[in-house]
Amino acid sequence: MDLDPEGLFRDDSDEDDDNAQEREKNKEMVVYLVDASPKMFTPATTKADEEQETHFHTIVNCILQSLKTQIIGKSHDEVAICFFNTKEKKNLQDLAGVYVYNVGDREPLDRPTARLIKDFSSIEDSFMSNIGSRYGITAGSRENTLYNALWVAQALLRKGSAKTIEKRIVIFTNEDDPFGAIKGAAKTDMIRTTIQRAKDAQDLGLSIELLPLSRPDEEFKMSLFYADLIGLEGDDIVEYLPVAGERLGEMTNQLRKRLMKKRRVKTLSFAITNDVCIEVNTYALIRPTTPGTITWLDSISNLPLKTERSFICNDTGALLQDPQKRFQMYNDTTVKFSVRELSEVKRVSSHHLRLLGFKPLDCLKDYHNLRPSTFIYPSDENIFGSTRVFVALHSSMLRLGRFALAFYGNPTRAQLVALVAQEEVISSGRQDEPPGMHMIYLPYSDDIRCPEEVHVTSDDAPRATDEQIKKASNLLKRIDLMDFSICNFANPALQRHYGILEALALGEDEMPDIKDETLPDEAGMARPAVVKAIEEFKASVYGENYDQEEAEAAAAKASRGEASKKRKAITDAASQKSAAYDWAELADNGKLKDMTVVELKSYLTAHGLPVSGKKEALISRILTHLGK
């Protein structure tokens, strides 16, 4: 139903444009502001037995992993990397102490590329010689490098509307008091202007986040300055550090997977009646992840190819500019259609989603759910009052135990859906499940198969005894996975696919190590309690001597295999010896009687014939096989 094989009634709809617009609304722009002061190059730990990594190395590694994941998961997002407290300066505003890092012809704020990742991975080797580090805010100087960095970041995020694009500034630093070296009115003035610069950026729709790093034996103190910069108060200041630490760890150990932060698929018009129409947003739930689509590249420039379609007249060879006519043969008559007429013929409804009626919930069966459902939630963005109408419909469906039957689709793909209301679930003061509706895609009549029913009597099928059921239940309890969730296990084949792409893009010689989390837990299965439960279950089902009988059967099979190998070796040797003679010529000339018995048996063995009997019997058997 998804494809029109003839291509006749293909509609030039704006579905692709809608997807592009929704993708643009889910887009994110991020500027990483990395502190490059000398304190960032001090060891992150004082323990001698641990590898002495600097805070700067930790941040570079975090950004690298984030860029690698972003190419796979959120390839349309844009990112910029900016260092502050540097000796060199590189920014459009020509502000001191700020260096915007970039490579090649790439824009400062753009999608991440393989070259950016490859060059940025080796930045530590050349940072001091090419960019340099310094204390940007010092006593006796009016230069405020943090203020300059916020100004540059705001300028980088100038393009695009904050209403449709999420814009973020992420600051990495281990200095909790950047103005500590300054005293008096100068310090107060610098703090005031820097905080005001941050508030101005936030007023423009930019969010500012801080990922602090605590120095050895010294915890990062948010209350000194950065709490005011990002707008934290009260208990939020205390709770911020643990959350930021987890966030930093997640950036370092991100899983390669496709992500859609807001997960909004599309905005639909939901027609309740002919006169009442509301607006709802659809959200994607858990979906299986598959490798990305193939992109065709130019063989010379290695740039993506853009497909263009032109219509050429079959009679004159001229390029058709006007909208082409489409036709269908009917009773030897050519019926012509315009694009507009085809669109009207295929249009089933003027709305994306139209309510048809209601049915009891018990009419909805498990096998009606053919694919993952979509969650819908009201929106008052364009149609005011949509939430109020949606809440009334939602509460009535819950109270009466009904689901809504609706038409959903576009002119090229139309189907019936079931709208099932979901009640809000709150536990421990937080929302576990939001209120809304699940849109379940119903099957067509030919999608439902009627499997044959197999009637098995009690005499035909073996039944487990109470002892066997008890042992099986005990085994399941021993190997039960607590808090199991499919989200905790990555697809190893998909991770390997992404690893190969990463190695090819970055020109690496070795594949990154891929941990297969779906393999059995050998250490857990070797626990004495689990081993005992397995042995008891095997004994109850197969008997006490099952292992011995299995070992004897394996030994017998091995002995048969050895005998087979021995016979094959004898046959090969006989074939090699027999090939030295022209047996047909020997038979025609009557010289077989001059051959020895061993030579005659080599022919018989090579051809799988019996080798018993006297010499005359062997010769007769050879002549018969040769057809003489």
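A residue is called buried when its relative accessible area is under 20%, exposed when that area is over 50%, and partly exposed in between (1.4 Å probe, protein chains only). Helices (H or I, at least four residues) and strands (E, at least two) are DSSP runs, numbered from the N terminus. The model is predicted, with local features needing pLDDT of at least 70 and side-chain atom pairs counting only at pLDDT 80 or more, whereas totals for chains, interfaces and linings use all residues. Residues are numbered from 1 along each chain as its sequence is written, and side-chain values use heavy atoms, with hydrogens and water left out.

**Helix H12**

- Leu494, Gln495, Tyr498, Gly499, Glu502, Ala503 and Leu506 are the buried residues of H12, and they pack against helix H2 (55-73) and helix H3 (114-120).
- At the N-terminal end, H12 is capped by Asn491, which has a side-chain oxygen 3.1 Å from the backbone nitrogen of Ala493.

**Strand E11 and its partners**

- Strand E11 (residues 374-378) is mostly covered, with four of its five residues buried.
- E11 pairs with strand E7 (residues 277-284) in the antiparallel sense over five bridges, where pairing requires that DSSP finds at least two bridges between two strands.
- E11 also runs antiparallel to strand E16 (residues 436-441), to which three bridges join E11.
- Thr374 of E11 is the bridge partner of Ala284, and the bridge partner of Thr374 in E16 is Met439.

Methods:
Contact = heavy atoms within 4.5 Å. Polar contact = N/O pair within 3.5 Å; in protein donor to acceptor, adjacent residues only side chain to side chain.
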